[in-house]
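Subject: Handover of the model and notes on it

Dear colleague,

I am passing the structure on to you below, together with my notes on what was found in it. Please read the two side by side.

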Amino acid sequence: MAQPIRMRIKLEHDFADVRVLIEHPMETGLRKDPVTGELVPMHFIQSMTATLNGNAVVEAQWSRAVARNPYVQFRVNGAKPGDVVGIAWVDNHGESNSTTMKVPAPS
Amino acid sequence: MRVMRRALLARLCAGATLWSAALAGVLHPLLALARQWNKKAFEAQALADALNELGLTKAAESREVIVKAPEIAENGAQVPIEISTAIAGVDTIYVFVDKNPQPFTASFSFMNGAQAFVVTRIKMAESSLLRVIVRAGDKQYTASRDIKVTIGGCGE
Amino acid sequence: MKAVRTVHIARLAIGVLLVLTPLASSAGPEEDRQQFVSFFRHRFPNVALDDYVYGALMANADGREQYEQIMEFPPFIDDIERGKKLWETPFRNGKTFSGCFADGGRGVLAGYPYFDEQLEKVITFENALNTCRRANGEAEFKYGDRDTMGVLTAYARSLSDGARLNVRVDTPAALTRYEAGRELFFRRIGQLNAACAGCHLYNAGNIMRMEVISPALGQATHWPIFRGGEELMTFQGRFKRCMEQMRAQPFGYNSEEWNDLEYFLTYLSDGLPLKASVFRK
């Protein structure tokens, strides 16, 4: 079921810049389905974490007012090539997804 | 909460790959975090109620909280914002959109080397103040930007 | 864009009547294009020619910055991926779309639309995609269907990103179709009696319905668009929306009128760089 979590990591001189695009409808519950006319139920990511080598670096709590297919960019000092960045989320339906990516060498 | 956690665990167990060694370290903090999702704060319709619930009632205006946001949002469904600060000891950045039905939009907490810096995209129902509060221990700082949201008739 | 003034749609008819004549007669496609270019460059002296591809954003730094931020990692990547899957998935006979085009489809969009002398009509890129499907024993996609043709073009058109349009109007028969497209551009239509030219030529840069009007120059380069980062719209999908907004009966996807109009409009943007799948408000 997992919708992709897309991640791009760039190692700057002393921090890793991480950009994440998460596929998720982030439905507010206020939108009408154009076909049925019914309100599409609320369905949004509530909690999101970013980890570096298993240690939490970012912990985010979200409302339904974060955009559809949400984008987050953050920076972690002291990251080195080969370090593992993890992203995980859980939504109001109890659904979740996660992914990891290694910090690349500086380009 | 407990029911939700069981349901979550059930779903997670169903996806065997999620329990691989590489990912186990990712999920543990997530479950703890999910339990702390502040329903009262997120569902508050009055800004004051959200701020009270979050204990953010003494934020001082600060030029050191840098909020980059559009003057006129191209589309209220995808408004890019950037928040950063050089203030020391920041643990959390809180984002509010005053005129959204529920003003409390997001919080980002930083630890273990993460910078007090975040870029994200938010939804705005109408023209509103974007309000940011930064917490550094028992100190709170705030900055805001006025963002206009228009709904035009053509667009191209 | 610093709007010159706000235009009431009903006044456009009068405006069009008064100023229509100078650019209404055609000396040929290249002369037309140069007249359009010099008209716009005179009106927007500080906008580089290549920046016309940004449409209403071309002189709006605030809007442009949002565009760049969103385009750096767009929310509609999932739709482009769906299009990529359609492009790469073999037909029942084992062949793929890339086999129908030179260089696997890379750069080919620069040559569309073109006039086919045998078939005696304008061929759009979407026509070519459907021709490929038919030739390989598959049913055509509906031109207006978002989840087939729409997403397919979101990917397939991006194979030509950065290529500069190279539209040819080489024969008398091709010129007839080009001129038919041009005539439609200048024709007053619908209950509002408005011509494309009334907005996208004579009132480009002005505000109507709280929107800055984009100039015709550059319009053909950047399809499909994703309105609000979500609503996929093709070039002819935009014709449909526009004609409906002018309270005119839309001609219809793949109609001769719209294919001719697309031919004319794309010629206007000859030489400008292509970029598919862009964010718009």
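Two strands are said to pair if DSSP finds at least two bridges between them, and the strands themselves (E, at least two residues), like the helices (H or I, at least four residues), are DSSP runs numbered from the N terminus. Please keep in mind that this is a predicted model, in which local features need pLDDT of at least 70 and side-chain atom pairs count only at pLDDT 80 or more, whereas totals for chains, interfaces and linings use all residues. Residues are numbered from 1 along each chain as its sequence is written, while chains are lettered from A and ligands numbered from 1 in the order in which they are written.

An open sheet of 6 strands runs in the order β1(A)-β2(A)-β5(A)-β7(B)-β4(B)-β2(B), with antiparallel pairing. Its edges are β1 (5–11) of chain A and β2 (65–68) of chain B, each of which has a single partner strand, so one side of each is left without a neighbour in the sheet. On average, neighbouring strands here are turned by 15 degrees against each other, direction ignored (axes are lines fitted to C-alpha atoms, and angles run from 0 to 180 degrees between N-to-C directions).

Starting from chain A, β1(A) is joined to β2(A), residues 15–22, by 7 antiparallel bridges, and A:Leu11 has A:Ala16 as its bridge partner in β2(A). The step from one chain to the other is made by β5 (residues 71–77) of chain A and β7(B), which run antiparallel and are joined by 2 bridges; here A:Gln73 is partnered by B:Val119. Within chain B, β7 (residues 117–122) pairs with β4(B) in the antiparallel sense over 6 bridges, B:Val118 being the bridge partner of B:Ile83. β4(B) is also joined to β2(B) by 4 antiparallel bridges, and B:Ser84 in β4(B) stands opposite B:Ile66. Of the 7 residues of β4(B) (79–85), 5 are buried, where buried is taken as 20 or more other C-beta atoms within 10 Å of a residue's own, exposed as 12 or fewer and partly exposed as in between, with C-beta atoms placed from the backbone.

The contacts between chains

Residues count as in contact if their C-beta atoms, placed from the backbone, lie within 7 Å. By that rule, the contact between chains B and A takes 42 residues from chain B and 38 residues from chain A. On the side of chain B that touches chain A, α2(B) gives the most, with 9 residues.

The contact between chains C and B takes 21 residues from chain C and 14 residues from chain B. On the chain C side, α4 (61–72) and α10 (235–245) each supply at least two residues, and the largest share, 5 residues, comes from α4(C).

In α10(C), the residues C:Phe235, C:Gln236, C:Gly237, C:Phe239 and C:Met243 are buried, and what covers the buried residues includes β6 (231–233) and α11 (256–268) of chain C. α10(C) is followed by C:Arg247, which has a positive phi, near 55 degrees.

As for α11(C), 11 of its 13 residues are buried, so this helix is largely enclosed by the rest of the structure. Among the buried residues are C:Trp258, C:Tyr263 and C:Phe264, and their cover includes α3 (29–43), β2 (121–123), α8 (172–186) and α10 of chain C.

With best wishes

Terms used. Two residues are in contact if their C-beta atoms, placed from the backbone, lie within 7 Å.
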